[in-house]
Amino acid sequence: MDAPDAWDGGFTGKGVRVAVIDGGFHSTHIDLAPNLDVQSSISTVPGFNFNQDVGTFWHGTHVAGIVAAAGNGIVGIAPEATIIGVKSLHNGTGAFEWILEGILYAATPQSQGGAGAQVINMSLGATINYRDNWQDKEFRDVFRDLQKTYDRATRYAYQNGVTVIASAGNGGNNYDDTKELFQLPAQNQHVLSISSTGPTGWLLGNTNFSQPAYYTDHGKSLVDFAAPGGTLGLFVVDGFDGFCNLNGTFVSTTNFCEVFDMVFSTVRGTTNGNYNWSQGTSMAAPAAAGVAALIIQANNGKLGPAQVAARMRQSASDLGKPGQDEFYGHGFVNAAKAVGIND
(Lines give C-alpha, C1' and ligand atoms only; values in the text may rest on other atoms or scores of the structure.)
Protein backbone atom coordinates (compact mmCIF):
# COMPACT_ATOMS: atom_id res chain seq x y z
CA MET A 1 0.00 0.00 0.00
CA ASP A 2 3.06 2.28 0.14
CA ALA A 3 2.04 3.60 3.57
CA PRO A 4 5.63 4.33 4.70
CA ASP A 5 5.99 6.81 1.85
CA ALA A 6 2.90 8.62 3.10
CA TRP A 7 4.28 8.72 6.65
CA ASP A 8 7.64 10.00 5.42
CA GLY A 9 5.72 12.80 3.75
CA GLY A 10 4.18 13.78 7.07
CA PHE A 11 0.80 12.14 6.57
CA THR A 12 -0.13 10.04 9.60
CA GLY A 13 -3.84 10.76 10.07
CA LYS A 14 -3.12 13.25 12.84
CA GLY A 15 -6.26 15.12 13.87
CA VAL A 16 -8.65 12.80 12.02
CA ARG A 17 -11.31 10.98 14.04
CA VAL A 18 -12.04 7.36 13.06
CA ALA A 19 -14.89 5.50 14.76
CA VAL A 20 -14.41 1.72 14.78
CA ILE A 21 -17.80 0.05 15.24
CA ASP A 22 -16.89 -3.45 16.38
CA GLY A 23 -16.38 -5.58 19.49
CA GLY A 24 -14.34 -4.82 22.59
CA PHE A 25 -11.35 -2.48 22.64
CA HIS A 26 -8.38 -3.21 24.91
CA SER A 27 -8.05 0.41 25.95
CA THR A 28 -4.75 0.03 27.81
CA HIS A 29 -2.90 -1.68 24.95
CA ILE A 30 0.39 0.12 24.35
CA ASP A 31 -0.44 0.60 20.67
CA LEU A 32 -4.05 1.75 21.11
CA ALA A 33 -3.95 3.84 24.27
CA PRO A 34 -1.95 6.73 22.70
CA ASN A 35 -4.61 7.27 20.02
CA LEU A 36 -7.81 6.17 21.74
CA ASP A 37 -10.37 8.80 22.70
CA VAL A 38 -11.62 7.03 25.79
CA GLN A 39 -14.05 9.81 26.70
CA SER A 40 -15.85 9.50 23.36
CA SER A 41 -15.75 5.68 23.25
CA ILE A 42 -19.01 3.94 24.16
CA SER A 43 -20.82 0.61 24.12
CA THR A 44 -24.26 0.12 22.58
CA VAL A 45 -24.29 -3.47 23.87
CA PRO A 46 -26.42 -3.61 27.02
CA GLY A 47 -24.50 -4.56 30.14
CA PHE A 48 -20.98 -4.12 28.75
CA ASN A 49 -18.46 -1.30 28.57
CA PHE A 50 -16.61 -0.46 25.34
CA ASN A 51 -13.45 -2.10 26.71
CA GLN A 52 -15.00 -5.48 27.52
CA ASP A 53 -15.31 -8.64 25.45
CA VAL A 54 -14.77 -12.40 25.60
CA GLY A 55 -11.54 -14.38 25.18
CA THR A 56 -8.09 -13.06 24.33
CA PHE A 57 -8.44 -12.05 20.65
CA TRP A 58 -11.01 -9.22 20.66
CA HIS A 59 -11.91 -8.55 17.02
CA GLY A 60 -12.39 -4.82 17.64
CA THR A 61 -8.91 -4.53 19.11
CA HIS A 62 -7.36 -6.20 16.06
CA VAL A 63 -9.29 -3.96 13.68
CA ALA A 64 -8.46 -0.75 15.58
CA GLY A 65 -4.76 -1.56 15.44
CA ILE A 66 -4.85 -1.83 11.65
CA VAL A 67 -6.35 1.65 11.46
CA ALA A 68 -4.12 3.44 13.92
CA ALA A 69 -1.71 1.40 16.03
CA ALA A 70 0.77 3.92 17.42
CA GLY A 71 4.01 2.21 16.40
CA ASN A 72 5.23 0.66 19.67
CA GLY A 73 4.91 -2.96 18.53
CA ILE A 74 3.17 -2.52 15.19
CA VAL A 75 2.12 0.50 13.16
CA GLY A 76 -1.32 1.25 11.76
CA ILE A 77 -2.02 2.79 8.36
CA ALA A 78 -2.86 6.11 10.04
CA PRO A 79 -0.65 5.87 13.16
CA GLU A 80 -1.62 9.25 14.61
CA ALA A 81 -5.35 9.20 13.86
CA THR A 82 -7.75 9.35 16.78
CA ILE A 83 -9.66 6.12 17.38
CA ILE A 84 -13.16 6.16 18.84
CA GLY A 85 -14.11 2.70 20.06
CA VAL A 86 -17.81 1.96 19.53
CA LYS A 87 -18.64 -1.48 20.89
CA SER A 88 -21.71 -2.74 19.03
CA LEU A 89 -20.74 -6.43 18.94
CA HIS A 90 -20.06 -8.89 21.74
CA ASN A 91 -18.16 -12.13 21.26
CA GLY A 92 -18.35 -11.61 17.49
CA THR A 93 -22.09 -11.03 17.12
CA GLY A 94 -24.56 -8.25 17.69
CA ALA A 95 -28.11 -7.04 17.23
CA PHE A 96 -28.99 -4.87 14.24
CA GLU A 97 -30.18 -2.15 16.63
CA TRP A 98 -26.84 -2.07 18.47
CA ILE A 99 -24.99 -1.41 15.21
CA LEU A 100 -27.53 1.21 14.14
CA GLU A 101 -27.07 3.01 17.44
CA GLY A 102 -23.32 2.85 16.86
CA ILE A 103 -23.58 4.43 13.40
CA LEU A 104 -25.83 7.25 14.60
CA TYR A 105 -23.61 8.00 17.60
CA ALA A 106 -20.40 7.92 15.56
CA ALA A 107 -21.83 10.20 12.88
CA THR A 108 -23.32 12.79 15.23
CA PRO A 109 -21.13 15.87 15.80
CA GLN A 110 -19.46 16.23 19.19
CA SER A 111 -21.35 19.48 19.73
CA GLN A 112 -24.55 17.42 19.63
CA GLY A 113 -23.33 14.70 21.96
CA GLY A 114 -21.92 12.32 19.38
CA ALA A 115 -18.46 11.03 18.53
CA GLY A 116 -17.78 13.53 15.76
CA ALA A 117 -16.19 10.90 13.54
CA GLN A 118 -14.90 11.75 10.09
CA VAL A 119 -14.50 8.09 9.14
CA ILE A 120 -16.52 5.07 10.29
CA ASN A 121 -15.13 1.56 9.90
CA MET A 122 -17.46 -1.43 10.14
CA SER A 123 -15.68 -4.77 9.89
CA LEU A 124 -18.97 -6.57 10.25
CA GLY A 125 -21.91 -7.63 8.17
CA ALA A 126 -24.97 -9.80 7.64
CA THR A 127 -25.42 -11.83 4.47
CA ILE A 128 -29.14 -11.93 3.79
CA ASN A 129 -30.73 -14.28 1.23
CA TYR A 130 -33.66 -12.12 0.30
CA ARG A 131 -34.77 -13.19 -3.17
CA ASP A 132 -35.33 -16.85 -2.31
CA ASN A 133 -37.60 -15.77 0.51
CA TRP A 134 -39.30 -12.93 -1.36
CA GLN A 135 -42.69 -14.68 -1.61
CA ASP A 136 -42.98 -14.61 2.18
CA LYS A 137 -44.69 -11.26 2.78
CA GLU A 138 -43.62 -11.08 6.43
CA PHE A 139 -39.99 -11.65 5.52
CA ARG A 140 -40.23 -9.19 2.62
CA ASP A 141 -41.62 -6.45 4.83
CA VAL A 142 -39.00 -7.01 7.53
CA PHE A 143 -36.13 -7.03 5.02
CA ARG A 144 -37.30 -3.87 3.28
CA ASP A 145 -37.67 -2.12 6.62
CA LEU A 146 -34.20 -3.23 7.74
CA GLN A 147 -32.60 -2.16 4.46
CA LYS A 148 -34.29 1.24 4.51
CA THR A 149 -33.43 1.80 8.16
CA TYR A 150 -29.73 1.15 7.53
CA ASP A 151 -29.89 3.34 4.41
CA ARG A 152 -31.23 6.16 6.55
CA ALA A 153 -28.41 5.67 9.05
CA THR A 154 -25.63 5.59 6.45
CA ARG A 155 -27.23 8.54 4.64
CA TYR A 156 -27.23 10.45 7.93
CA ALA A 157 -23.51 9.75 8.26
CA TYR A 158 -22.89 10.88 4.69
CA GLN A 159 -24.85 14.08 5.20
CA ASN A 160 -22.76 14.78 8.32
CA GLY A 161 -19.57 14.52 6.28
CA VAL A 162 -18.57 11.02 7.41
CA THR A 163 -16.85 8.51 5.11
CA VAL A 164 -18.36 5.08 5.87
CA ILE A 165 -16.32 1.95 5.12
CA ALA A 166 -17.38 -1.69 5.55
CA SER A 167 -15.97 -5.13 4.90
CA ALA A 168 -17.36 -6.87 1.80
CA GLY A 169 -17.76 -10.26 3.50
CA ASN A 170 -15.95 -13.58 3.64
CA GLY A 171 -18.37 -15.92 1.84
CA GLY A 172 -16.40 -16.19 -1.43
CA ASN A 173 -19.53 -15.20 -3.39
CA ASN A 174 -19.70 -13.22 -6.62
CA TYR A 175 -22.57 -10.83 -6.00
CA ASP A 176 -22.98 -10.23 -9.73
CA ASP A 177 -23.96 -13.90 -10.11
CA THR A 178 -25.41 -14.62 -6.67
CA LYS A 179 -28.18 -12.09 -7.06
CA GLU A 180 -30.28 -13.46 -4.20
CA LEU A 181 -27.84 -12.13 -1.59
CA PHE A 182 -27.68 -8.70 0.03
CA GLN A 183 -24.67 -7.73 2.16
CA LEU A 184 -25.55 -5.35 4.97
CA PRO A 185 -24.12 -2.74 5.56
CA ALA A 186 -21.62 -3.05 2.66
CA GLN A 187 -24.38 -2.57 0.06
CA ASN A 188 -26.21 0.20 1.86
CA GLN A 189 -26.20 3.77 0.62
CA HIS A 190 -22.95 5.75 0.69
CA VAL A 191 -20.91 2.82 2.07
CA LEU A 192 -17.52 1.95 0.57
CA SER A 193 -17.24 -1.84 0.47
CA ILE A 194 -13.77 -3.38 0.73
CA SER A 195 -12.63 -6.76 -0.60
CA SER A 196 -9.54 -8.57 0.64
CA THR A 197 -6.16 -9.51 -0.81
CA GLY A 198 -3.18 -11.42 0.53
CA PRO A 199 0.04 -13.11 -0.53
CA THR A 200 0.51 -16.85 -0.93
CA GLY A 201 3.79 -17.80 0.71
CA TRP A 202 5.39 -14.49 1.60
CA LEU A 203 8.20 -16.14 3.56
CA LEU A 204 8.72 -18.50 0.64
CA GLY A 205 9.64 -15.47 -1.46
CA ASN A 206 6.28 -14.50 -2.93
CA THR A 207 5.28 -10.83 -2.93
CA ASN A 208 1.84 -11.10 -4.54
CA PHE A 209 0.24 -9.02 -1.79
CA SER A 210 -2.53 -7.76 -4.05
CA GLN A 211 -3.90 -11.09 -5.21
CA PRO A 212 -7.56 -11.61 -4.22
CA ALA A 213 -8.00 -13.74 -1.12
CA TYR A 214 -9.78 -17.07 -1.65
CA TYR A 215 -12.60 -16.18 0.77
CA THR A 216 -13.41 -12.62 -0.25
CA ASP A 217 -16.89 -11.76 -1.45
CA HIS A 218 -16.66 -9.91 -4.74
CA GLY A 219 -18.62 -8.52 -7.68
CA LYS A 220 -18.91 -5.08 -9.27
CA SER A 221 -22.28 -4.70 -7.57
CA LEU A 222 -20.58 -5.09 -4.17
CA VAL A 223 -16.92 -4.01 -4.14
CA ASP A 224 -15.64 -0.43 -4.24
CA PHE A 225 -11.96 -1.04 -3.37
CA ALA A 226 -9.57 -3.81 -2.39
CA ALA A 227 -7.12 -3.70 0.51
CA PRO A 228 -4.81 -6.16 2.33
CA GLY A 229 -6.74 -8.57 4.52
CA GLY A 230 -4.38 -11.54 4.63
CA THR A 231 -5.00 -15.12 3.57
CA LEU A 232 -4.47 -18.71 4.66
CA GLY A 233 -4.68 -19.74 1.01
CA LEU A 234 -1.22 -21.34 1.08
CA PHE A 235 -2.73 -24.05 3.30
CA VAL A 236 -6.46 -23.92 2.55
CA VAL A 237 -6.14 -23.74 -1.24
CA ASP A 238 -2.66 -25.07 -2.02
CA GLY A 239 -2.43 -27.57 0.82
CA PHE A 240 1.08 -26.51 1.85
CA ASP A 241 1.65 -26.74 5.60
CA GLY A 242 5.39 -26.38 6.14
CA PHE A 243 7.17 -24.26 8.73
CA CYS A 244 8.83 -20.92 8.11
CA ASN A 245 11.12 -18.79 10.27
CA LEU A 246 10.70 -15.02 10.40
CA ASN A 247 13.81 -13.13 11.44
CA GLY A 248 12.66 -9.75 12.70
CA THR A 249 14.67 -6.80 13.93
CA PHE A 250 13.80 -7.52 17.56
CA VAL A 251 12.00 -10.88 17.50
CA SER A 252 12.41 -14.08 15.53
CA THR A 253 9.65 -16.67 15.40
CA THR A 254 8.79 -19.96 13.72
CA ASN A 255 5.29 -20.89 12.65
CA PHE A 256 3.37 -22.47 9.80
CA CYS A 257 4.28 -20.56 6.63
CA GLU A 258 0.66 -19.64 5.90
CA VAL A 259 0.35 -17.80 9.23
CA PHE A 260 2.74 -15.10 8.02
CA ASP A 261 0.45 -14.35 5.07
CA MET A 262 -2.18 -12.97 7.44
CA VAL A 263 -2.43 -9.51 9.05
CA PHE A 264 -0.54 -8.92 12.30
CA SER A 265 -2.25 -6.54 14.72
CA THR A 266 -3.14 -5.75 18.30
CA VAL A 267 -5.12 -8.24 20.42
CA ARG A 268 -6.33 -8.43 24.00
CA GLY A 269 -3.96 -11.22 25.02
CA THR A 270 -2.95 -11.33 28.68
CA THR A 271 -0.93 -8.11 28.90
CA ASN A 272 -1.02 -4.59 27.47
CA GLY A 273 1.25 -5.55 24.57
CA ASN A 274 -0.05 -8.64 22.77
CA TYR A 275 -0.39 -9.15 19.01
CA ASN A 276 -1.60 -11.88 16.68
CA TRP A 277 -2.50 -12.73 13.11
CA SER A 278 -5.91 -12.82 11.44
CA GLN A 279 -7.41 -12.84 7.96
CA GLY A 280 -10.61 -11.46 6.48
CA THR A 281 -12.29 -8.54 4.83
CA SER A 282 -12.51 -7.41 8.46
CA MET A 283 -8.78 -6.71 8.22
CA ALA A 284 -9.01 -5.12 4.76
CA ALA A 285 -11.66 -2.53 5.63
CA PRO A 286 -9.60 -0.80 8.38
CA ALA A 287 -6.61 -0.57 6.02
CA ALA A 288 -8.86 1.39 3.63
CA ALA A 289 -10.22 3.42 6.55
CA GLY A 290 -6.65 4.36 7.42
CA VAL A 291 -6.11 5.59 3.85
CA ALA A 292 -9.30 7.67 4.13
CA ALA A 293 -7.91 9.25 7.30
CA LEU A 294 -4.66 10.12 5.51
CA ILE A 295 -6.62 11.72 2.66
CA ILE A 296 -8.65 13.84 5.08
CA GLN A 297 -5.51 15.01 6.90
CA ALA A 298 -3.86 15.86 3.58
CA ASN A 299 -6.81 18.15 2.84
CA ASN A 300 -6.77 19.98 6.18
CA GLY A 301 -9.53 17.84 7.67
CA LYS A 302 -12.22 19.36 5.49
CA LEU A 303 -12.87 16.74 2.81
CA GLY A 304 -16.35 15.21 2.64
CA PRO A 305 -17.13 11.56 1.85
CA ALA A 306 -17.78 12.10 -1.86
CA GLN A 307 -14.40 13.81 -2.23
CA VAL A 308 -12.64 11.13 -0.16
CA ALA A 309 -14.13 8.40 -2.36
CA ALA A 310 -13.12 10.30 -5.49
CA ARG A 311 -9.54 10.65 -4.26
CA MET A 312 -9.41 6.95 -3.40
CA ARG A 313 -10.59 6.14 -6.94
CA GLN A 314 -8.04 8.47 -8.53
CA SER A 315 -5.15 7.06 -6.52
CA ALA A 316 -5.97 3.34 -6.35
CA SER A 317 -3.97 0.88 -8.45
CA ASP A 318 -6.07 -0.42 -11.33
CA LEU A 319 -5.47 -4.16 -10.99
CA GLY A 320 -7.37 -7.05 -12.53
CA LYS A 321 -9.54 -6.17 -15.51
CA PRO A 322 -9.16 -2.55 -16.73
CA GLY A 323 -11.49 -0.17 -14.95
CA GLN A 324 -13.92 -1.35 -12.32
CA ASP A 325 -13.86 -5.12 -11.86
CA GLU A 326 -15.35 -7.72 -9.56
CA PHE A 327 -12.36 -8.24 -7.24
CA TYR A 328 -10.78 -4.80 -6.94
CA GLY A 329 -13.73 -2.53 -7.62
CA HIS A 330 -12.13 0.80 -8.50
CA GLY A 331 -8.70 -0.46 -7.49
CA PHE A 332 -6.25 -1.53 -4.79
CA VAL A 333 -5.79 1.28 -2.27
CA ASN A 334 -2.49 3.15 -2.28
CA ALA A 335 -1.73 5.34 0.72
CA ALA A 336 1.11 7.35 -0.84
CA LYS A 337 -0.72 8.22 -4.04
CA ALA A 338 -3.84 9.04 -2.04
CA VAL A 339 -1.99 11.92 -0.36
CA GLY A 340 -0.27 13.08 -3.55
CA ILE A 341 3.05 11.22 -3.20
CA ASN A 342 4.32 8.93 -5.98
CA ASP A 343 1.61 10.19 -8.35
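A disulfide is counted here as a pair of cysteine sulfur atoms within 2.5 Å, and the structure holds one such link. The model is predicted. Its chain contains eight helices and 13 strands. The radius of gyration is 19 Å, close to the 20 Å that the globule rule gives for 343 residues, so the chain is as compact as a globular protein of that length.

**Overall dimensions and packing**

- The C-alpha trace of the chain spans about 55 × 45 × 45 Å along its principal axes.
- Buried residues make up 54% of the 343 residues of the chain.
- Among contacts with a separation of 6 or more, 74% come from residues 24 or more positions apart.
- The chain has an accessible surface of about 14000 Å², and carbon and sulfur atoms account for 48% of that surface.

**Disulfide**

- A disulfide is a covalent bond between the sulfur atoms of two cysteines.
- The partners are Cys244 and Cys257, with their sulfur atoms 2.0 Å apart.
- The link of Cys244 and Cys257 is right-handed, with 90° about the S-S bond.
- Cys244 belongs to strand S10 (residues 243-247), while Cys257 lies in the loop between strand S11 (252-256) and S12, so the pair ties together parts that are 13 residues apart in sequence.
- Both Cys244 and Cys257 are buried.

**Helix H2 and its cover**

- Helix H2 spans residues 59-68 and is mostly covered, since nine of its 10 residues are buried.
- The buried residues of H2 are Gly60, Thr61, His62, Val63, Ala64, Gly65, Ile66, Val67 and Ala68.
- Strands that cover these buried residues include S1 (17-22), S3 (82-87), S4 (119-122), S12 and S13.
- Helix H6 (281-298) is also included in the cover of the buried residues of H2.

**Aromatic pairs**

- A pair of aromatic rings is described by the distance of the centres and the angle of the planes.
- With ring centres required to lie within 6.5 Å, the count comes to 12 aromatic pairs.
- The rings of Phe139 and Phe143 have centres 6.2 Å apart and planes at 10°; planes under 30 degrees apart count as stacked, so this pair is stacked.
- Phe139 and Phe143 are four residues apart in helix H4 (residues 137-159), and they are therefore separated by about one helical turn.
- Phe139 has a relative accessible area of 24% and is partly exposed, whereas Phe143, at 4% relative accessibility, counts as buried.
- Phe264 and Trp277 form a tilted pair, 4.8 Å centre to centre, with 50° between the planes.
- This second pair links distant parts of the chain: Phe264 is in strand S12 (residues 263-267) and Trp277 is in strand S13 (residues 274-278), 13 residues apart.
- Phe264 counts as partly exposed because its relative accessibility is 37%, a value between the 20% and 50% limits.

**Charges over rings**

- Lys87 lies over the face of Phe48, at 5.9 Å from the ring centre.
- The ring of Trp58 has the charged end of Arg268 over it, 5.7 Å from the ring centre.

**Backbone features**

- Leu184 and Pro185 are joined by a cis peptide bond, with omega about 5°.
- Pro185 is placed in the loop between strand S7 (181-184) and strand S8 (191-197).
- Asp2 is not a glycine, yet its phi is positive, at about 60°.
- Asp2 is in the segment before helix H1 (3-8), and its relative accessibility of 36% makes it partly exposed.
- Asn300, another residue other than glycine, has a positive phi near 60°.
- Asn300 lies in the loop between H6 and helix H7 (305-315).
- The relative accessible area of Asn300 is 66%; exposed means over 50%, so Asn300 is exposed.

Definitions and conventions: Residues are numbered from 1 along each chain as its sequence is written. This is a predicted model: local features need pLDDT of at least 70, side-chain atom pairs count only at pLDDT 80 or more; totals for chains, interfaces and linings use all residues. Side-chain values use heavy atoms; hydrogens and water are left out. Rings of Phe, Tyr and Trp (its six-membered ring) pair if their centres lie within 6.5 Å; planes under 30 degrees apart count as stacked, over 60 as edge-to-face and the rest as tilted. Helices (H or I, at least four residues) and strands (E, at least two) are DSSP runs, numbered from the N terminus. Buried means under 20% relative accessible area, exposed over 50%, partly exposed in between (1.4 Å probe, protein chains only). A charge sits over a ring if NZ of Lys or CZ of Arg is within 6 Å of the ring centre and within 35 degrees of the ring normal. The radius of gyration is taken over C-alpha atoms; the globule rule is 2.2 Å times the number of residues to the power 0.38. Contact means heavy atoms within 4.5 Å. Accessible areas come from the Shrake-Rupley method with a 1.4 Å probe; for residues, only the protein chains shown count as cover.
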